[in-house]
Amino acid sequence: MRWAVVRFPGSLDDDDALYALCDVLGQDASLLWHKDEGLGDAQCIVLPGGFSYGDYLRCGAIARFSPIMKSIAKFAADGGLVLGICNGFQILCEAHLLPGALTRNRSLTFVCDTVTVRVENCHTPFTRSIRHGDLLRLPIKHGEGCYVAPEQELRQMEERGQVLLRYVDNDGRQSDQANPNGSMRAIAGIANERFNVFGLMPHPEHAVEAMLGGDDGLKIFHSIVASGG
Amino acid sequence: MQIKVFVTPRQGILDPQGRAVEAALANLGFAGVSGVHLGRYIVLELNASSQAAAEETMRKMCEQLLANPTIEDYRFEVEPG
């Protein structure tokens, strides 16, 4: 499968995403610069973590206007797969490719930890190789990961199954302690209505080898590969 | 014209910064403080043909970039200059 990882000024995890895709998964992945307008023949676009444009104004607010984002919006409108990780998730929300917004963590502190998330919908291109209710252990590292959306929007998202990942404890139960950033409904990852755009705060690309502390992130990448783009 | 833009967390949205500052003020002994919200204050110069044109432009700027209407409220003041 052909992948493209977008590098914005301030991206951090672009190389890690490429490592996970090329070295670990043997995929055909290349790097795109945020000023590129063409996406080549990529079947899945990855917006990596980091601090694009120094998080100025709001996280992802400036990156949204990078030339490549117009192409990505069109790619998504045509049904192409888009994966936004951490800062990539923030950019997708700012670009209105995903609903809601990510705000300052309730604790006001940067969190760097490994969390447990529960897979809430396995009938999507991003989760199809996982079973409903399965728990994944994934790293997080962010200061603005508190997911917020209007109550009515949240209800509709839940009904449609757009909440793909939720923070839970090691037994799979939701609790305030297991919610690392105060996200509404403990949301860790969501998809758009068409289920071809997925944003999540945890980092699957940092969890691809036992040596890194775990390889649960592979389940998400395997799902996308199984979807065939 | 000089424009002042005030962006604040939307009413009803959790504002942990505002809450932390409110608690700190109480700890310092300032009684009777409530409803603390922290936001952004943006100043800019705008070349516009009229007050109405400036307000229209500012609304667009706020909706598209300066504020995120999902989580933030905004207001602005236009000062002829």
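## A buried alanine in a loop

A:Ala186 is buried, having 21 other C-beta atoms within 10 Å. For reference, buried takes 20 or more other C-beta atoms within 10 Å of a residue's own, exposed takes 12 or fewer, and partly exposed is in between, with C-beta atoms placed from the backbone. This is a predicted model, where local features need pLDDT of at least 70 and side-chain atom pairs count only at pLDDT 80 or more, while totals for chains, interfaces and linings use all residues. Residues are numbered from 1 along each chain as its sequence is written, and chains are lettered from A and ligands numbered from 1 in the order in which they are written.

A:Ala186 sits in the loop between β9 and β10 of chain A, and its phi is near 55 degrees, a positive value in a residue other than glycine. A:Arg185 belongs to the loop between β9 (163-168) and β10 (187-191) of chain A. Phi of A:Arg185 is also positive, near 55 degrees, in a residue other than glycine. A:Arg185 counts as partly exposed, with 17 C-beta neighbours inside 10 Å.

## Chain A overall

Chain A has five helices and eleven strands; helices (H or I, at least four residues) and strands (E, at least two) are DSSP runs, numbered from the N terminus. Its radius of gyration is 16 Å, close to the 17 Å that the globule rule gives for 229 residues, so chain A is as compact as a globular protein of that length. Here the radius is taken over C-alpha atoms, and the rule is 2.2 Å times the number of residues to the power 0.38. Along the principal axes, the C-alpha atoms of chain A fill a box of roughly 45 × 35 × 35 Å.

Of the 229 residues in chain A, 55% count as buried. If you like contact order, 76% of the chain A contacts with a separation of 6 or more come from residues 24 or more positions apart. A contact means two C-beta atoms, placed from the backbone, within 7 Å.

What does A:Val82 touch, not counting residues up to four places away in sequence? The partners of A:Val82 are A:Ile45, A:Ile72, A:Phe75, A:Ala76, A:Leu97, A:Asn196 and A:Val197.

## The β6-β7 loop of chain A

A:Cys122 is in the loop between β6 and β7 of chain A, and with 17 C-beta neighbours inside 10 Å it counts as partly exposed. Leaving out residues up to four places away in sequence, A:Cys122 touches A:Thr127, A:Arg128, A:Ile130, A:Arg131 and A:His132.

A:Arg131 lies in the loop between β6 (111-119) and β7 (135-142) of chain A. A:Arg131 is exposed, with 9 other C-beta atoms within 10 Å.

Chain B has two helices and three strands, running β-α-β-α-β from the N terminus on. A compact globule of 81 residues would have a radius of gyration near 12 Å, but chain B comes out at 16 Å. Its C-alpha atoms fill a box of roughly 50 × 25 × 15 Å along the principal axes, and buried residues make up 14% of the 81 residues in chain B.

In α2(B), the buried residues are B:Met58, B:Cys62 and B:Leu66. They fall within an arc of 50 degrees seen down the helix axis, so they line one face of α2(B); the arc is that of the directions from the axis to the C-beta atoms. An α-helix has 3.6 residues a turn, so residues three or four places apart point the same way. The buried residues of α2(B) pack against β1 (2-9), β2 (40-45) and β3 (72-79) of chain B. On the other side of α2(B), the exposed residues include B:Ala52, B:Glu56 and B:Arg59.

## Where the chains meet

Twelve residues of chain A are in contact with nine residues of chain B. The chain A side divides into five nonpolar, three polar and four charged residues.

Methods: Ala, Val, Leu, Ile, Met, Phe, Trp, Tyr, Cys and Pro count as nonpolar, Asp, Glu, Lys and Arg as charged, and the others, Gly among them, as polar.
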